[in-house]
Amino acid sequence: QTQWKQKAFVLIDNDYLFLDLDQKLSKYFGKRWNKGSLMVPFILFLRVQYYVESGLLILSTTVQQLYYTELRQKVLRSQSHHQEALFFQLAASALQADVGDLRKHRCYFLPEDYFPSWLIKRRGREYLLQHSPVLHGELRGVSRRQAILHFIKEANGLQDGPVTFYRMREEEKQPRSLILLGVTVKGVHICQVSRKQSLLYDFSWTGIDRFTFQGNRFEITAVGSLCLPKLVYYTKSAFHSKHILRHLRDSHQLHMNTRDAVSYIQQTTFLTYLSYFCLELKSSCLFTRMPESELWLDESEELFVDDPAEVSWLAELLHGVSVDAPLMLPSFCWAG
């Protein structure tokens, strides 16, 4: 489980590459690396290799905590200036996970631990200390685990959050023509790097026809490429190209393997939310069969939303999902 979600990676030619645990270290540092006095020290980092759409896909609490911790760091380093509101929501979930319910003491957290530096500079520490507790207070009673799951879900909406970036060049002999290829949960981002990081292309997995490379030449062909020319970029070396292609392939495979599980989670989450919504009305709810464009609440007959028969009937509308059955997933989802 840990190996499936996280992996050691190392800095090579100023790029971080995930290690293949079946390969010898000499493959990454050269054949002369382990010959007597030529052996040099190195540092390995533990990082998330594959991001997921829901934290419920991570069964191990230890792995889930490591995953959450890395996303926290990514939020602090984020440059998504146009998503300011999302940072306040993420901070609220993180505060609930870290300190529990809202405390009366005003300065019970440091803005530097929950907001990127540019946002602190833009709004000021006093503003963040004043307004963050309002959103935090709305999560009163939410458990630490649920707060972490909520944070993971919302972090997926951050443009440069759950993304692994690889540096490439638009022109082979122009080192300053830098672009970033980002491997995301649902596809690939292509970003231009100048004073600010700007998104050029946002491809879903279904929008990509193929990736190919020859040496350090890396090509991306989109579906229906008559409208979009083939994208050609240049990596540091053929070794880097092979590594990036393998990461793209494995990320796409994981996305395909977990689609059904993600769909199930989304459907059951909707049913749970709908049940709580009806309970908040403090009245009984009757869902009558009407045209799809209409949803009527009829109080003429008493019928409670926690009636198992009614919840099951509602589940049948969502492709026959049973809300009482355990989460059943193919064994290949949890291999390793």
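Colleague: Hi! What share of the contacts with a separation of 6 or more comes from residues 24 or more positions apart?
Modeller: In this predicted model, residues 24 or more positions apart account for 57% of the protein's contacts with a separation of 6 or more.

Colleague: Good start. How many helices and strands are there?
Modeller: The protein has 10 helices and 10 strands.

Colleague: And how much of the protein is buried?
Modeller: Of its 336 residues, 41% count as buried. The protein exposes about 19800 Å², and carbon and sulfur atoms supply 54% of that area.

Colleague: Let's pick a helix. What can you tell me about the span of α8?
Modeller: Helix α8 runs over residues 238-257, which makes 20 residues. From first C-alpha to last it reaches 29 Å, close to the 28 Å expected at 1.5 Å a residue.

Colleague: Which residues of α8 are buried?
Modeller: Those are His240, Ser241, His243, Ile244, His247, Leu248, Ser251, Leu254 and His255. Seen down the axis of α8, the buried residues fall within an arc of 165°, so they line one face of the helix.

Colleague: Why would residues three or four places apart point the same way?
Modeller: An α-helix has 3.6 residues a turn, so residues with that spacing point the same way.

Colleague: Nice. Now a change of topic: how many salt bridges did you count?
Modeller: The count comes to 10 salt bridges. Side chains of opposite charge can pair when their charged atoms come close.

Colleague: What does Glu53 pair with?
Modeller: The side chain of Glu53 meets that of Lys186 in a salt bridge, at 3.9 Å from N to O. This pair links distant parts of the chain, 133 residues apart. Glu53 sits in the loop between β3 (45-48) and α3 (61-77), while Lys186 is in the loop between β5 (178-183) and β6 (187-193).

Colleague: Is Lys186 buried or exposed?
Modeller: Lys186 is exposed: its relative accessible area is 52%, and the cut-off for exposed is over 50%.

Colleague: Which residues are linked in a network of salt bridges?
Modeller: Glu84, Arg122 and Arg123 are linked that way.

Colleague: Over to the strands. How many residues of β9 are buried?
Modeller: Strand β9 covers residues 217-222, and five of its six residues are buried, so β9 is largely enclosed by the rest of the structure.

Colleague: Which strands does β9 pair with?
Modeller: Strand β8 (residues 208-214) pairs with β9 in the antiparallel sense over six bridges. Strand β10 (residues 231-234) pairs with β9, also antiparallel, over four bridges.

Colleague: What happens in the hairpin of β8 and β9?
Modeller: Two residues lie between the strands, and Gly215 takes a positive phi near 65°. Across the pairing, Phe213 has Phe218 of β9 as its bridge partner.

Colleague: Last one: what stands opposite Glu219, and what does its side chain meet?
Modeller: Glu219 stands opposite Val232 in β10. The side chain of Glu219 meets that of Arg217 in a salt bridge of 2.8 Å, N to O. Glu219 counts as buried at 14% relative accessibility, while Arg217 counts as partly exposed at 32%.

Note on methods: Residues numbered from 1 in each chain as written. Predicted model: local features only at pLDDT ≥ 70, side-chain atom pairs only at ≥ 80, totals over all residues. Heavy atoms only, no water. Buried < 20%, exposed > 50% of the residue type's maximum accessible area, 1.4 Å probe, protein only. Contact = heavy atoms within 4.5 Å. Areas by Shrake-Rupley, 256 points an atom, 1.4 Å probe, with all protein chains shown as cover. Expected span 1.5 Å × (residues − 1). Arc of directions from axis to C-beta. Salt bridge = Lys/Arg side-chain N within 4 Å of Asp/Glu carboxyl O. Pairing = 2+ DSSP bridges.
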